[in-house]
Amino acid sequence: MELLPTELPNAKILYLENFISENEANQYFTSMLKETPWRQDFITVFGKTYPQPRKTCLYASNSKPYSYSNITMQPLPLTKDLTIIKERIENRFDVKFTTCLLNLYENGNHSNGWHADNEKALGINPIIASVSFGGSRWFHLKHRYNKELRYKIELKHGSLLLMSGETQHFWLHQIPKTKKIVMPRINLTYRLIN
């Protein structure tokens, strides 16, 4: 299934539900869950410090760190699997990435609050490629200036979400908490950091 939400102004978003086959996605999920040196950083919100509600790990083809929410991560070298997936995206869409941030959502309490991937290191109109393995989670979007503009996409096992153009300037996104029982999810977010 291919979804092009062209009704979203100031956004360029593409969703491919079966970008990676189920068998491949199963293998990637299992190996990444076991082999990734997951970490759980602390974030400060309104003066209070909490464990980040997910686990992460950063990989890159260069040595450039990635900073967000007062967290600075130093990358590990890209693994073979992460490189294969990266090249598949690059070749299909004629894009280039250096860095992959992995996120592990172990259950419905693990989440990612409203934000935009608009850090200075990502450039003016960053291209973000998000690949999902494991349990499905809802991806919410809301326009920064028009409160009535909202959208959501169910990110499924083996899917790819590609955000580009002005999306990060005009839209915020999140993976909200859910009280439903959900399977663990691994999310790979590829980006370019020079």
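In which crossing, left-handed or right-handed, does helix 1 pass helix 2? Helix 1 passes helix 2 in a left-handed crossing. The model is predicted. This briefing covers the packing of these helices and then the cysteines.

**Packing of helix 1 and helix 2**

- Two packed helices are described by the angle between their axes and the distance between the axes.
- Helix 1 spans residues 22-35 and helix 2 spans residues 80-93.
- The angle at which they pack is about 140 degrees, and their axes lie 11 Å apart.
- Helix 1 is therefore oblique to helix 2, because only angles over 145 degrees count as roughly antiparallel.

**Residues in the helix contact**

- Helix 1 contributes E24, Y28, S31 and M32 to the contact.
- From helix 2, the contact takes in D81, L82, I84, I85 and R88.
- Sorted by class, the contact of helix 1 with helix 2 has 5 nonpolar, 1 polar and 3 charged residues.

**Cysteines and disulfides**

- A disulfide is a covalent bond between the sulfur atoms of two cysteines.
- The structure holds 0 disulfides.
- For C57, the closest cysteine sulfur is that of C100, at 9.3 Å, which is too far for a bond because a disulfide needs the two sulfur atoms within 2.5 Å.
- C100 is likewise in no disulfide, and its nearest cysteine sulfur is that of C57.

**Burial of the cysteines**

- C57 has a relative accessible area of 4%, so it is buried, the cut-off being under 20%.
- C100 also counts as buried, because its relative accessibility is 0%.

Conventions: Residues are numbered from 1 along each chain as its sequence is written. This is a predicted model: local features need pLDDT of at least 70, side-chain atom pairs count only at pLDDT 80 or more; totals for chains, interfaces and linings use all residues. Side-chain values use heavy atoms; hydrogens and water are left out. Buried means under 20% relative accessible area, exposed over 50%, partly exposed in between (1.4 Å probe, protein chains only). Axes are lines fitted to C-alpha atoms, for helices over the stretch in contact, and angles run from 0 to 180 degrees between N-to-C directions. Helices (H or I, at least four residues) and strands (E, at least two) are DSSP runs, numbered from the N terminus. Angles under 35 degrees count as roughly parallel, over 145 as roughly antiparallel, 65 to 115 as roughly perpendicular and the rest as oblique. A crossing is left-handed if the near helix is turned anticlockwise from the far one by less than a right angle, and right-handed if clockwise. Contact means heavy atoms within 4.5 Å. Ala, Val, Leu, Ile, Met, Phe, Trp, Tyr, Cys and Pro count as nonpolar, Asp, Glu, Lys and Arg as charged, and the others, Gly among them, as polar.
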